[in-house]
Each structure stands twice: as structure tokens, then as C-alpha cells.
Amino acid sequence: MPELPEVETVRRQLGPTLIGATVVEAGSHPSAKFTPARAITGARFTGDGRRGKFLLFGVDDDRELVVHLGMTGQLRLVDDRTDTDDRSPYLRAWWALDDGRTLQFVDVRRFGRIRVVPTGDYRDIPTLAAAGPEPFDPELDARRFWSLLRRSKRKLKTQLLSQRPIAGVGNIYADEALWLASINPRVTRLSQERAGLLLDALRTVLAKGIDNGGTTLRDYRDAEGQTGDNQHSLAAYGRAGQPCRRCDTPLRSAVIDARTTTWCPQCQRR
């Protein structure tokens, strides 16, 4: 599932090109997950943003188009509407713009979701409403992050994936950050100092992911249809059995709270 770096990459590609464009027509798959796309017909895009793993596109009537890419979702701009018919079985929503372009949401597995809400009102999107601070929020320091982590007794990896102590982190970047900070994914408590190390590691791996255009393991494509490059830089995720890049110990893998997790048994001791 696309995480913060992948979603941020799409935002940076699409946002500047959408602002100022007006939706003259919209359509969608009949599923209730996609039909809200039709609600912004006649609206003009005025802004773009991201919160955790969600894309936010502001329109000129104080509403936001909220898009969650799910596992296989892709937003793309095309110069015409040749793909907005029944010949495109994976097209789930589309917005025809007044400049002749069409914004399309293609989603093979249909785990994506589209909502239209009053600006900033995410009460009907529980995961978004409950999301913790953004990783790059300047007001998020080690003490605050430590305090947020202390609210739960669950394993640290599970806490990160919950989105509550910090937004936008999924399986890939959690494994990478825990490896970089030399913290075992099964621990349930951290000192404030180690919470600071983890926060620094999260920022490092997320920034690298953005710089590399995201991680493509199978399905992720950016708004231009290109794969990311960050998969070539992973130190932990997906490398079980391979040597640790710090100590050469074979990396270990196990399922932790239903999520496959990879770590170094030497560098990341409990």
C-alpha cells in the first residue's frame, strides 16, 4: 500500500497542474467507495495537500476531495477522455477538466476510496480523523513523540502502523526506520532518548523515499505512470535471509500482529 513518500510524490506531481482547473463533468464506478467523485462537478481546484496516506484537493466551495490510493490505486492526468469508457475495466473515477484534460483514478483491486468533505472535517473518515502528527511537523519533537508512543502497550511496529503516534508510516518505512534506529520491532516501551532516535530515523527514511520517488515493489506507479526507485535502497524490508548492511548477520522475518516484519537479530536486540 502506498505510504507517505508515494502519496507525497503524487501530490507534488499533480497539485501544481490541477490548481485553477474546473471540473466540467465527472463519473465513477457504481461502488459507494467511488461515487463521491461525482460531487465536485462544477467546482474549481484551489489547493492540494496530503495528510498521512491521504491526498487532499481543495475546491472553491470550501470542500475537499479526499483520495486514498489503497493498494493499487493510481491518479493520472491524460490529455483526452479516450479511457473513460467501458473499455477501461479498472477506471474507477474520472474528472473532465475545462482545459481538455481528464484526471483519472485507476484501481485494479478496488481498495482505494474517494470522499468529498467540508474542508478539514474528517469525522466520517476515522483513520484520517485519528491520525497522529505529520513526521516533518516542526512541533513534533522527541518528547512529544515519546508521549504519543506511551499511550499504547502494543508492540512498537504495530503502534507505528496504527497511524496514531505518527501519520503516513506503513510496513516498508516502519521496518526501515526501526532498522536504522537499531530498535527491535517487538518492544513495547522506549526511553525518550530512543524515541528521539526513532523519530530521526523515520524522517530520514521517509525523506529518502520521497527523494527516490517512492518504493515500487509491484503495483505502485506515480502520476506519470513511472515506478519509484527507493526499492533499490531498502536495508531491511523484504531482505529476510540476506546479510545486515551493518553487521552481516542474516536478517530475520516474522509475522507481528498480522504484518510481515524484517529486522536484524544482532543490531536490533530486545
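Author: Lys157 and Asp175 form a salt bridge, with their closest N and O atoms 2.8 Å apart. This is a predicted model, in which local features need pLDDT of at least 70 and side-chain atom pairs count only at pLDDT 80 or more, while totals for chains, interfaces and linings use all residues. Residues are numbered from 1 along each chain as its sequence is written, and side-chain values use heavy atoms, leaving out hydrogens and water.

Reader: What makes the contact of Lys157 with Asp175 a salt bridge?

Author: The term requires a side-chain nitrogen of Lys or Arg within 4 Å of a carboxyl oxygen of Asp or Glu. The closest N and O atoms of Lys157 and Asp175 are 2.8 Å apart, so the pair meets the rule.

Reader: Where in the chain do the two partners lie, Lys157 and Asp175?

Author: Lys157 is in helix 4 (residues 156-161) and Asp175 in helix 5 (residues 171-180); the pair links distant parts of the chain, 18 residues apart. Helices (H or I, at least four residues) and strands (E, at least two) are DSSP runs, numbered from the N terminus.

Reader: Are Lys157 and Asp175 buried or exposed?

Author: Both Lys157 and Asp175 are buried. Buried means under 20% relative accessible area, exposed over 50%, and partly exposed in between (1.4 Å probe, protein chains only).

Reader: How many salt bridges are there by this rule, and which residues do shared partners join into one network?

Author: The count comes to 13 salt bridges. Shared partners join Glu8, Arg11, Arg12, Asp48, Arg50, Arg51 and Glu134 into one network.

Reader: Why does the pair of Asp137 and Arg144 count as a salt bridge, and how is the accessibility of each residue classed?

Author: The closest N and O atoms of Asp137 and Arg144 are 3.9 Å apart, so the pair falls within the cut-off for a salt bridge. Asp137 has a relative accessible area of 22% and is therefore partly exposed. Arg144, at 36%, is likewise classed as partly exposed.

Reader: What makes Arg123 an exposed residue, and with which residue does Arg123 form a salt bridge?

Author: The relative accessibility of Arg123 is 69%, so the residue counts as exposed. Arg123 forms a salt bridge with Asp121, the closest N and O atoms being 2.7 Å apart.

Reader: How many aromatic pairs does a search of the whole structure find?

Author: The search finds two. Rings of Phe, Tyr and Trp (its six-membered ring) pair if their centres lie within 6.5 Å; planes under 30 degrees apart count as stacked, over 60 as edge-to-face and the rest as tilted.

Reader: Why is the pair of Phe34 and Phe105 called tilted?

Author: The ring centres of Phe34 and Phe105 are 6.1 Å apart and the planes stand at 45°, so the pair is tilted. The pair links distant parts of the chain, 71 residues apart: Phe34 is in the loop between strand 1 (23-28) and strand 2 (45-51), and Phe105 is in strand 7 (residues 102-107). Phe34 and Phe105 are both buried.

Reader: Why is the pair of Phe45 and Phe57 called edge-to-face?

Author: The centres of the Phe45 and Phe57 rings lie 6.2 Å apart with planes at 75°, so this pair is edge-to-face. Phe45 in strand 2 and Phe57 in strand 3 (residues 54-59) are twelve residues apart, and the pair links distant parts of the chain. Phe45 has a relative accessible area of 1% and is therefore buried; Phe57, at 1%, also counts as buried.

Reader: How do you know that Arg150 lies over the face of Trp146?

Author: A charge sits over a ring if NZ of Lys or CZ of Arg is within 6 Å of the ring centre and within 35 degrees of the ring normal. Arg150 lies over the face of Trp146 at 4.4 Å from the ring centre. Arg246 lies over the face of Trp179 at 4.0 Å from the ring centre.

Reader: What makes Leu202 buried, and which residues is Leu202 in contact with?

Author: Leu202, in helix 6 (residues 192-211), has 0% relative accessibility and so counts as buried. Leaving aside neighbours within four places in sequence, Leu202 is in contact (heavy atoms within 4.5 Å) with Phe145, Leu160, Ile166, Val169, Tyr173 and Ala177.
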